[in-house]
Structure formats: structure tokens, C-alpha cells
Amino acid sequence: MKYERFEELPVWQAAIGLAVAVYEMTDKPAFQKRYSLRDQIERASVSVSNNIAEGFERGTKEELLTFLYIARGSAGEVRSMLYLLEKIPALAGLEPEALNLKSNAESISRQLGAWICSLRDSNHKGERYVTEKTRRMDQAGLDRQEFLEKLERIRRGESK
């Protein structure tokens, strides 16, 4: 599936959900007067979705890869901070939320990792490099592949 807007990306949507959940957690009284910890985990969580969006909008595969790596690093930072929260006795009441958030951040990291691998193995250079000629060539390749698959089904005696 080809996405036209970063808002359509399931991983971006998950990252937004992570940031919202982090903000909900840090809004609790246990975080009162823990300004630097609160600020850092909030900023790291927002960084995940922002870097996905910025990389997507840049228009080249190399820039997208760079920003996906940064987003993945930010997801790791969120997880690291959640592990720290579990070690702070005053924040022990947040452990169930922290476990859920760690799971979400890990899922996002895995999705980003899979996307990174897919992009690294792709010949597509990015939307910035797409011209009418390359669009026609890509479509011709897709049409050819579809035709060959249809021929193979006919050869095997399958309908459609």
C-alpha cells in the first residue's frame, strides 16, 4: 500500500497514541515537581511521531531513513525512561501504565525497524525524484508483472 500522507501511516498513528498516553501519565500527581523527568519523557515521546512526519515529508529515501532512525531512537529513549520510572519508589504506582507504554514503544520500534529494512532494500529513491517518465515506467513494470501472472494462471488452467 502506498501512503500519500504521513497521517495515514499506522506507525505514525501509534506514535501519536504513545505521546498522548505519556502526557496522560505525566499529568498525574506523582509527576508533580519532577520537571526534568516529565519534560524529557514528553519530548522524547513527541519526537517519535514528529520525526516520522518530517522524514516522510522530505521526499527522499535517504532523508526518510535518517528521520526513521531518529524516531526509532526516540522510541528507545521513551522505553529507557519508563524503565527508570519503575526504579523510582515515588513513581511505583505508575508501573502498570509504564508497562503498557513500554510495550507500545517497543511495537513502534519494531514497526520502524521493519520499514527501515524495507526502504534500505528498495530501489525507490523518493518522491522528490519521481517524474512523469518514472511514473510511466513504474506503471509499465506493474502492468507487465500483472500480465505475466495472468499468463501463468492461464498456463496452469486457472480462471482469473
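Helix axes here are lines fitted to C-alpha atoms over the stretch in contact, and angles run from 0 to 180 degrees between N-to-C directions. This is a predicted model, where local features need pLDDT of at least 70 and side-chain atom pairs count only at pLDDT 80 or more, while totals for chains, interfaces and linings use all residues. Residues are numbered from 1 along each chain as its sequence is written, and side-chain values use heavy atoms, with hydrogens and water left out. Helices are DSSP runs (H or I, at least four residues), numbered from the N terminus.

**Helix packing**

- Helix α1 (residues 10–26) and helix α4 (residues 95–120) cross at roughly 155°, and their axes come within 10 Å.
- α1 and α4 are therefore roughly antiparallel to each other (angles over 145 degrees count as such).
- α1 passes α4 in a left-handed crossing, where the near helix is turned anticlockwise from the far one by less than a right angle.
- Helix α2 (residues 35–58) packs against helix α3 (residues 61–87) at about 160°, with the axes 8 Å apart.
- That makes α2 roughly antiparallel to α3, and their crossing is left-handed.

**A buried valine**

- V78 sits in helix α3 and is buried, with a relative accessible area of 0% (buried means under 20%, with a 1.4 Å probe and protein chains only).
- V78 and A44 are 34 residues apart in sequence, yet 5.9 Å apart in space, C-alpha to C-alpha.

**An exposed isoleucine**

- I154 belongs to helix α5 (residues 132–155).
- I154 has a relative accessible area of 54%, so I154 is exposed (over 50%).

Definitions and conventions
Helices (H or I, at least four residues) and strands (E, at least two) are DSSP runs, numbered from the N terminus. Angles under 35 degrees count as roughly parallel, over 145 as roughly antiparallel, 65 to 115 as roughly perpendicular and the rest as oblique.
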